[in-house]
Amino acid sequence: MRRDIFQAIADPTRRAIVMLLAVQAMTPNAMAEHFASSRQAVSKHIKILVECDLLVQKPHGREIQYHLKAAKMQEIEIWLDQFKALMGKRFNQLDEVLTRLKARKK
Amino acid sequence: MNLENIFTFTVDKDNLAVKVERAFEAPLALVWSAWTEAELLNEWWAPKPFRAETKSMDFSEGGRWLYAMVSPEGQRHWGVKEFTQILPRQSFTYRSYFCDENGTVNPATTGSTWVNSFVEAQGITLVTNDIRCDSLAHLEAQIKMGFKEGYTACLGNLDELLARVQQNGK
């Protein structure tokens, strides 16, 4: 199973977890309080986010806190930039095709 | 509004949606043909040095376009667009998937929905693509498939440009 940033944010609960952790590090219990779903379900999403390398665990007293690796989110920006460049390149090629078509019509 | 230079790209990350607008200096009829006829799509859909190759095209509601993106090394990446709605010379909608050479889509793969709209004003045609991805993984795959080589080429050009600028600065 592939695990990456794109899979991480494909799920609305995981996106919400990421938003929560963007504000501050949290324990799994504190996170679960924000969701109607079971603690188990939330733990499963946390596990996926860790596997996607988006969260990191740090001990906090007796408990474990999860921190967000914000730099990872930039991967999305990079992909979007590339998609924009792809469309731009396509359209420049389409400009050439249209120029040829217009000339042919004359 | 000056239509000629429009190229906008808007991202709605929460909904995995991208809206692209681009104006073309050509009448709507020509632009529509370029987006809907296989021979013309072959000429521009793949970013160079890739080329697009149509295996079959049935531009009708329920029909589909089966095509390959061919790399300079001759490697083929297959894609299919299934047309769900066509309003002639106004808009058309398709579902886009990756597939094998027979057009068989792996049921586990995700796709994207594209609504493509066309409006003409003063000889300039504005095309809007409303693209909604089932998952960002699909968007990522789309970029990897059609773009890797092209992007590397762009970066190569940038290197040359930077080298020239640096030399001029000396």
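Modeller: Within chain A, confidence is highest in helix α4 (residues 39-51), at a mean pLDDT of 92, and lowest in α1(A), at 72; pLDDT is the predictor's confidence in each residue, from 0 to 100. Where pLDDT is low, the predicted coordinates should not be read in detail. Over chain A the mean pLDDT is 85, with 91% of residues at 70 or more. The model is predicted, so local features need pLDDT of at least 70 and side-chain atom pairs count only at pLDDT 80 or more, while totals for chains, interfaces and linings use all residues. Residues are numbered from 1 along each chain as its sequence is written, and chains are lettered from A and ligands numbered from 1 in the order in which they are written.

Chain A has five helices and two strands, in the order α-α-α-α-β-β-α. Helices (H or I, at least four residues) and strands (E, at least two) are DSSP runs, numbered from the N terminus.

The axes of α2(A) and α4(A) lie 10 Å apart at an angle of about 75°. Axes are lines fitted to C-alpha atoms, for helices over the stretch in contact, and angles run from 0 to 180 degrees between N-to-C directions. The two helices α2(A) and α4(A) are therefore roughly perpendicular; that term covers 65 to 115 degrees, with under 35 roughly parallel, over 145 roughly antiparallel and the rest oblique. On the α2(A) side the contact uses Thr13(A), Arg14(A) and Ile17(A), and on the α4(A) side His45(A), Ile46(A), Ile48(A) and Leu49(A). Contact requires C-beta atoms, placed from the backbone, within 7 Å. By class, this contact has four nonpolar, two polar and one charged residues.

Ile9(A) is buried because 23 other C-beta atoms lie within 10 Å; the cut-offs are 20 or more for buried, 12 or fewer for exposed, and partly exposed in between. Of the 106 residues of chain A, 25% are buried. Ile9(A) and Cys52(A) are 43 residues apart in sequence, with their C-alpha atoms 9.7 Å apart.

The largest nonpolar core has 22 residues, including Leu94(A) and Trp44(B). A second, separate core of 16 residues includes Ile46(A) and Cys52(A), as well as Tyr66(A) and Leu68(A). Such a core is a set of buried Ala, Val, Leu, Ile, Met, Phe, Trp, Tyr and Cys residues joined through C-beta atoms within 7 Å.

Notes
Contact = placed C-beta atoms within 7 Å. Nonpolar A, V, L, I, M, F, W, Y, C, P; charged D, E, K, R; others polar.
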